[in-house]
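Reader: Hi! Could you walk me through this model while I have it open?
Author: Happy to, just ask away.

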Amino acid sequence: MSFNQVLLKDYYKRQLISILDSVQGKKGLVIDPTVSGPLSLVVDFNLLKDHGVEKIYHLADGRVEPECKSLIYVTRPTIENVRWVANQIKYTANVEHTIHFVPRKTLICDRLLEEEGVYGDVTIGEFHLDIIPLDDDLLSLEMGTSFKDLFLDGDTSVIQMLSNAIMKYQILYGFGPKILGKGDASKMLAELLERSRLNYLSDIALNSNTETQETDLDSILLFDRTVDLLTPMRTQLTYEGLIDELYTINSTFVELDASFFSNQNNSKTKRLLLNGTDSVFSDIRDSSFEMIATIFDKITSSIQKDVESLQQMPVQMNLKDFKGIAVKVDAQKQSLATHQKLYQKILYHAAQPSTSIRWALEDSICSRTVDNSFLEVIEDIILSGAPVESPLKLMCLYSLAHGGVKEKIYDQWKRDIFQAYGAKQIFTLQALEKVGLLKPIGNVKSTYSQLSKSLKLINHYESSLNPVDISYTYGGFAPISIRLIQSATKTLPASSITNRQVSWKGFEDVLQLLPGSSFEKSVIPSESKTFKTNKRPNQVPYTLVVFIGGCTTAEISALRVLSNTTHRKFIILTTSVITGNRLINSLAI
């Protein structure tokens, strides 16, 4: 079985119906704003009305004035959220309260509710909304602080949640017979997955069941974000990547000024859905932004042909079919108009001198041809009043590509940051240093130059509608993460390897240039009597790629290119979709 969103959506739908029907009569639903976006992707909100929901509230600090006698809270188990819920319960004493934590409750939740004196006044449950299908090939836990939680705070609950999610995926879609990975967190996750798998097989054996699953999944590849911190510090140069850099995409939605959608000026904003359900966006999302105008011309021509076909259709044609085609064409025209406006904004940004200077500096840093003039560029960015993450991204990029920063420069950067952004930024700098993003140069020699040469990270390319190398995603720089995945899956360009089995074999020297453990293991012996995984005949195999700590949309685009140009498909599961800005902001105090 290949991945299909329907199975997951049906699972969540059944669970949500059970939660809603557990409370009799009319009810209000209070949703954590960070949950509402993911929930809208898996459940039609009409379902809520069908099961008694009279009104929907967004969880926030302050009181709720319910219009019915029951309130159901659906929220992530954060300390802030639990305190907000507790306060609202105190002021709605005559209301029946139910809390369902997403994806699971924690002991801290129980303790906080007890401290607030409301533990006995509320029914507590869980809504296991963990794997969010953002697209047909993209799954996310939507844990925006996962990198900070795990790599700065040492909170290994992230690993537990990922393990639960991967096990759920395998139970639904089939077990991968091989697991491999890179990074210490990846190894920890692999060990936990092994224990979970053995427990699952034991349960099957006790129930005297022999399961045979047909699946195209032949491998699971775990990737630790700390193995490649450099890639997110660069500017993504795909269409979707630049939208995320400039406007921020949350759970496939981007919030834009309403003028993008009409000719009227309006200060209000509207949300635009960005995923494969929009055929126009699907055609342009993974392309270099330089090629978008050419693709727009092709889409315009295609729409015009559809319009002409509609005009020539016979009168006796089924009215329902005619209306369906007309609605589709109209939707494409509206989407094209919106994306043309959005693209003009991107072009305007790209044409700014400061933008071209920054992108050129990123190239020279990664090719290690940068001179001391880069210090003036960073100083100008600080003096311009740009958000603190703007200069910090370049500082981190330089540090990662050069094995650290000379102490004199590092001290000057710290002074500049403190003077421009306040002394509190000392905590941000300490956090960046702790996770390895920014640090003074040490005694350990940088391996970046050797890594760049071995993996062909720098590739001078020409813009094309059909790129032959993934380096186009960052304007001539190949993401280290995806080059490693290419190494393991034998999809490197011009590879002479004929054995296409997923393995690190032959790339051990490259792996040693990067931090963290590397491993691979066959996890389902072919002689297993309690569980068998059969590959479907004549089907393209696929790898489940798991990013621990987040991945960028440009990395996702690169994997899509590999799926389209090689004899292997990739499904991505990530803790969240990130940019360099969001990663740095998550570390800020």
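Reader: Let's start with S373: where is the place of S373?
Author: S373 is in helix α14. Before we go on, this is a predicted model, in which local features need pLDDT of at least 70 and side-chain atom pairs count only at pLDDT 80 or more, while totals for chains, interfaces and linings use all residues. Residues are numbered from 1 along each chain as its sequence is written, and side-chain values use heavy atoms, with hydrogens and water left out.

Reader: Thanks! How are helices picked out here?
Author: Helices (H or I, at least four residues) and strands (E, at least two) are DSSP runs, numbered from the N terminus.

Reader: And is S373 buried or exposed, or something in between?
Author: S373 is partly exposed, as its relative accessible area is 39%. Buried means under 20% relative accessible area, exposed means over 50%, and partly exposed is in between, with a 1.4 Å probe and protein chains only.

Reader: What about charge on the surface, which residues gather in a negative patch?
Author: D371, E376, E379 and D380 do. Such patches are made of residues with over 30% relative accessible area and no salt bridge, with like charges joined within 9 Å and nonpolar side chains (Val, Leu, Ile, Met, Phe, Trp, Tyr) within 5 Å. E376 lies in helix α14, which covers residues 373-383, and E376 is exposed at 53% relative accessible area.

Reader: Switching to salt bridges, how many does a search of the whole structure find?
Author: The search finds 24 salt bridges. Each one is a side-chain nitrogen of Lys or Arg within 4 Å of a carboxyl oxygen of Asp or Glu.

Reader: Which residue does E116 meet in a salt bridge?
Author: E116 meets R83, at 3.0 Å from N to O. The pair links distant parts of the chain, 33 residues apart: E116 is in the loop between α5 (107-115) and β5 (122-126), and R83 is in helix α4 (residues 79-90). E116 is buried at 18% relative accessible area, whereas R83 is partly exposed at 34%.

Reader: Nice. What is the partner of K148?
Author: K148 forms a salt bridge with D153, and their closest N and O atoms are 2.7 Å apart. D153 counts as partly exposed, at 44% relative accessibility.

Reader: How are E194 and R197 placed in helix α8?
Author: E194 and R197 are three residues apart in helix α8 (residues 184-206), so about one helical turn separates them. Their side chains meet in a salt bridge of 3.0 Å, N to O. E194 is buried at 19% relative accessibility, and R197 is buried too, at 9%. Elsewhere, salt bridges that share partners join R234, R358, E362 and D363 into one network.

Reader: Now cysteines: how many disulfides turn up?
Author: Zero, in a search of the whole structure. C366 is in no disulfide, and its nearest cysteine sulfur, that of C396, is 13 Å away. A disulfide is a pair of cysteine sulfur atoms within 2.5 Å.

Key
Areas by Shrake-Rupley, 256 points an atom, 1.4 Å probe, with all protein chains shown as cover. Lys, Arg positive; Asp, Glu negative; His and termini not counted. Charge placed at Lys NZ, Arg CZ, Asp CG, Glu CD.
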